[in-house]
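User: I'd like to go through this fold step by step. Could you help me read it?

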Amino acid sequence: MNLVRAIYPGSFDPLTNGHLDLIERGSKIFEELIVAILRNAEKDPLFTVSERREMLEKMVKPFPNVRIEVFEGLLVEFAMQKKATVLLRGIRAISDYEYELQMALMNRKLQPELETVFMMPAEAYSYLSSRLVKEIFRLGGSVRGLVPELVEQKLREKFAGEVRTF
Ligand code: PNS
């Protein structure tokens, strides 16, 4: 059997427990897992790429076969450059399916040798997203148990001084 190097791409703005759950699952079935943070000039992220990278790097320490990288441009090109053969994506609910299918098939059209593998996070995280975490936190709600404590701390620092409740 060949060594399988997989890429788990995303924005990770910020990392959630759902992402971590998928990273752990991926680390068990692939020999190497590269968590790839998209540097996207169009989006207006809450955390800078280096802040996201730092949080991810700390949180993946328990998994020796996982490493963090940053990419820009086409995902398939980054994957080929890294000699990866698998793209890993998480599917939480059926609502994710259409978008994920479209991306997977487009990536296959661009690079037929790359296979997209979908995994499901634990059901406790099936309703969790970075977007909702940011919104809830911004509005003064609790994100305990939804993101690692480190991320919660960084959210607190980010919003320090801002009035979060109405
Ligand atoms: O966490 P996200 O925002 O759902 O991740 C989306 C991501 C990074 C996987 C997607 O936007 C991506 O692959 N962007 C890189 C540009 C690219 O290759 N686009 C064509 C996709 S078919």
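Predicted model: local features only at pLDDT ≥ 70, side-chain atom pairs only at ≥ 80, totals over all residues.

User: Which residue in β2 is the bridge partner of Y8?

Analyst: Two strands count as paired if DSSP finds at least two bridges between them, and strands are DSSP runs of E with at least two residues, helices runs of H or I with at least four, numbered from the N terminus. For Y8, the bridge partner in β2 is V35.

User: Is β1 mostly covered or mostly uncovered?

Analyst: Buried means under 20% relative accessible area, exposed over 50%, and partly exposed in between (1.4 Å probe, protein chains only). R5, I7 and P9 point one way from β1, A6, Y8 and G10 point the other way, and all are buried. With six of its six residues buried, β1 is mostly covered.

User: In what order do the strands of the open sheet run?

Analyst: At the edges stand β3 (66-71) and β5 (115-119), each with a single partner strand, so one side of each has no neighbour in the sheet. The twist from one strand to the next averages 30°. The five strands pair in parallel, in the order β3-β2-β1-β4-β5.

User: At about what angle does helix α4 run to β4?

Analyst: Axes are lines fitted to C-alpha atoms, for helices over the stretch in contact, and angles run from 0 to 180 degrees between N-to-C directions. Helix α4 (residues 94-110) lies across β4 (86-90) and β5, and its angle to β4 is about 170°.

User: Which residues have the most contacts inside the largest nonpolar core?

Analyst: A nonpolar core is a set of buried Ala, Val, Leu, Ile, Met, Phe, Trp, Tyr and Cys residues joined through side-chain atoms within 4.5 Å. The largest one has 32 residues, and the elements giving two or more residues to this core include β1, α1 (17-29) and α6 (149-159). Those with the most contacts inside it are Y8, I23, L33, V35, L56 and L155.

User: Which residues does L155 contact, leaving aside neighbours within four places in sequence?

Analyst: Contact means heavy atoms within 4.5 Å. L155 is among the residues in α6 that meet V133, F137 and R138 in α5. With those sequence neighbours set aside, the contacts of L155 are L46, F47, V133, F137 and V143.

User: Are α2 and α6 roughly parallel or roughly antiparallel?

Analyst: Their axes are 10 Å apart and they pack at an angle of about 155°. Angles under 35 degrees count as roughly parallel, over 145 as roughly antiparallel, 65 to 115 as roughly perpendicular and the rest as oblique. That makes α2 and α6 roughly antiparallel.

User: Is N17 buried or exposed?

Analyst: N17 has its place in helix α1. Not counting residues up to four places away in sequence, N17 touches Y125, L128, G145, L146, V147 and P148. Its relative accessible area is 14%, so N17 is buried.

Note on methods. Residues numbered from 1 in each chain as written. Heavy atoms only, no water.
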